[in-house]
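Here's a quick briefing for anyone meeting this structure for the first time.

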Amino acid sequence: MLKYLLFLLMTLQVSTSYAISPLACSEVSDPSQNIEDLDLMDLMEIPVFLSASQQAECTKTAASVVSTISGEELLNMGARDLMDALELVPGMNFGVNLSNTVGLGIRGIDSDNGKLSVSIDGIIITEQRFGTTVYGSHFPVEQIDRIEIIRGPGSILHGNFAELGVINIITKKGKQLDGVTASGSYGHFSRGEARKNAVLTAGKEWGDFDVSFYGKYNYAHRSDRIYTDAHGDSFDMADNNQLESLLGSFKMSYKKLNFQVLLDEYNVNSRDSFADKITPPERYSRNSFSTYATKLFYQYDFNEHFKLDTGFDFSRQTPWERSRQYINGEDDVLKEKVSVDHYKFDLKATYSHDEGHYLVIGNSYQFENYQHDVSNYTGELPLFGNYTLYTEAVYKTPWVNILGGLRFDVYSEYDTNWSPRIALTKQLGKFHYKALYSQAFHAPTGGNYQLNEEYNQNNTIGNYVEQIVPEKTHTYELEIGYDFMSNLSVSANMFYTRINNYFFYTFDENFDDYYTNLDGIATWGAETGLNYQHRQLGRFKFNYSFYRTAYDPLGTNQAHDPDGNIIHPNINLGFPAHKFSINHHLQITDSFSFNHTLIFSSERYAYSGADLIHHKPTAIYNTYFRYQDAMLEGLEVGLGIYDLFNAQFQYAQYYNGSHPALPGNTREFNLKLTYSF
Amino acid sequence: MNSYIRKKIRIYLLTFFNIVFFTCAPSYASDKSMENKLKALYIVRIAEFIEWPETTEKTSFKLCIAENSPIFEQLQLLQIDTINKLPLHIIALNKDTALLDCQILYSEKEKAEVSIIQHPILTISSELDFARQGGMIEFYIDKSKVRMKANLEAFALARLKPSSKLIRLLTIVTTAEQKQ
């Protein structure tokens, strides 16, 4: 007991984080970033004091445990895609889902099945069918202004998928782009091609009219190592496990009217298959994910205090479109294709007082319509709709900002739901604290529903499974932070998250899969961070996080020995209990910089077939050299060496799906050229 | 949750609250500090858009400012070493300071120093009507953001050339006519 207490005290003394700056939340690109990095034009966008609505926005953001990563940081570190960015975030870890797809865990719990909302400029790109987001050479970073990550529930304002967290990618406006940028990069692993891609971004502001565009085509490979299945069969992944993506976006705004279109196509080829055995050498499988989305948003400011937001979102997504491909060129066979049309109408009113008190009242109606082109399910899925009424209010006193929120949902297929949220927060000079309690309610998606119907129709052992019921999550968080100096800030938080009626993906003895509800699972832990900037030594960001299993009565997310005894009572499958990252940026001259990152993950346990595998701790070290205005103005050259020491990360499976760990890449050399004009 | 874990969490929460409420006293950051920090950064950034005459000394940059100015304090905190790749020296103004050695003069007065008007010294102030009284750049607040008025006649007299990019960010004013 004493050692834990001492550890906690040390953590609180030494730690830090990405504390939200009390100033300019909605204006500064990166609230955690020092404004001295900004150029004159960006400085002119920063308010010297916050208007009522800006204070409201600030308080709203501050009432969560938040990480922010700026676009400039991503460029400085040579981030190859969103994964490189999220590796720096405390509590976030990657693991294999199935078939060469990689998913994300938060605080020891996997985020699949709709537990994490990922969006680009407010358009949700988490697929609506099962609620998964697939990572790896998928989401580009060149166009990003900043990434805001809520490492806790955000359901009240962000909806059904924001049960454990929210990742909101905010791209640059035309005003920020102010011209055209073309970029390309080529990367090579030790034994095969890593990636090649081309990016075009363009943007311009004309008075109140702002237009921006970006597009990226990327052809990459997950790894160049040997994958061995649970039966000892193997294949060489070098040049043999393509990840192909095309992502494009067009945004335009006129005054407070915003319109955007997003296209995302992502293909994943795999021979590792979905469980313990690889596919025969003559064929492989392809999972395709596509999103075509549009968003129309209008804000009407009645005055400085009262504004009305109204929006309409539409997306058509075809996730997990599965086909069998043949090496000899034989026609591919489409095995499954289900599309989801998602419609959402939103209307929200915000009243902000000069003192920073605010009240938000909003409502939304959304529904999903499923189309089965090819599937093992025969029948029609119902229309999944829900109406939501939500409210959030803040009252500020000198010592505490008191936030209360409530979300009420009426689902067409499920019960009604009430989810409250309470937050006590305050920035007191250099010190801030947050005490947060949030409930979140997560209803099953049409994909969850379909899988159980499909199981009941097709399983060969005569089983019948009930439809799963919604999850209910309770999260408690405490955070403190202190700015010791203008160039040194630290913060630390503790959390406890419990999911009741946890969705559990499982199989019968014939590997026919279905969902069931578990009584619940829970984790608790702490996260810390430290930001330090030195005139000569550069900028340092240090983050540390750990979690512990707090509740899992059946041990379904834990590792067992052959007799069913839990091997490690404190950690869940696939995710390390401890993680820390250090990022150091050194600006050597005005145009030349050096950036390096160390990411350490502690030991992990995962299954390969029926065998339990122990994965040793791993430390990945990446470096990146950035030379701006190289030889001519606007030309930038970047050289990165990723996994310099060839530590070779393994993506362990975060549930007992029999899939052996997916080998990560070996050392990668990557050259990037960018030209802006 | 078993009782062991509950007990552990209770102790952690207690420790947490103890640290929060018994080690920290409230203090309040003033909005002015942000305004002054922004102005300090503006001064440094603006210099990057100005071309000084060839005759000006090119080995270092001297920024002269009253020591009791809140912007002086911010400039010290920001720890900026260079402007346009030249070492930056922040000079605390006193009665003995040779103004003609300065490349930038941040003034707390509403009028530019007459003695330096025709010398290549960038004069900046936050005083009302500074630009119309012969100063080059005057900070003012509009819709809660720092904005700049500039007197291009004063620039011309001092043989300083602001870049076109900078000029686009300025509100141009002219020197007020002297009252008879």
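C64(B) and C102(B) are both buried, and a disulfide joins the two. Keep in mind that this is a predicted model.

**The disulfide**
- Counting over all chains, you'll find 1 disulfide.
- From S to S, the link between C64(B) and C102(B) spans 1.9 Å.
- Turning about the S-S bond gives -95 degrees, so to speak a left-handed link for C64(B) and C102(B).
- C64(B) sits in strand β2 (residues 61-66) of chain B, while C102(B) is in the loop between β4 (86-93) and β5 (104-107) of chain B, so the pair ties together parts that are 38 residues apart in sequence.
- In general, a disulfide is a covalent bond between the sulfur atoms of two cysteines.

**S270(A)**
- Look for S270(A) in strand β15 of chain A, which covers residues 257-270.
- S270(A) counts as buried because its relative accessibility is 1%, and buried means under 20%.
- Beyond its neighbours within four places in sequence, S270(A) is in contact with S99(A), N100(A), Y284(A) and S285(A).

**N493(A)**
- N493(A) belongs to strand β25 of chain A, residues 488-507.
- With a relative accessibility of 3%, N493(A) is buried too.
- Setting aside neighbours within four places in sequence, the contacts of N493(A) include V65(A), R107(A), R151(A) and L478(A).
- Also in contact with N493(A) are E479(A), G525(A), A526(A) and E527(A).

Methods:
Residues numbered from 1 in each chain as written. Chains lettered and ligands numbered in written order. Predicted model: local features only at pLDDT ≥ 70, side-chain atom pairs only at ≥ 80, totals over all residues. Heavy atoms only, no water. Helix = DSSP H or I, 4+ residues; strand = E, 2+ residues; numbered from the N terminus. Buried < 20%, exposed > 50% of the residue type's maximum accessible area, 1.4 Å probe, protein only. Contact = heavy atoms within 4.5 Å. Disulfide = S-S within 2.5 Å.
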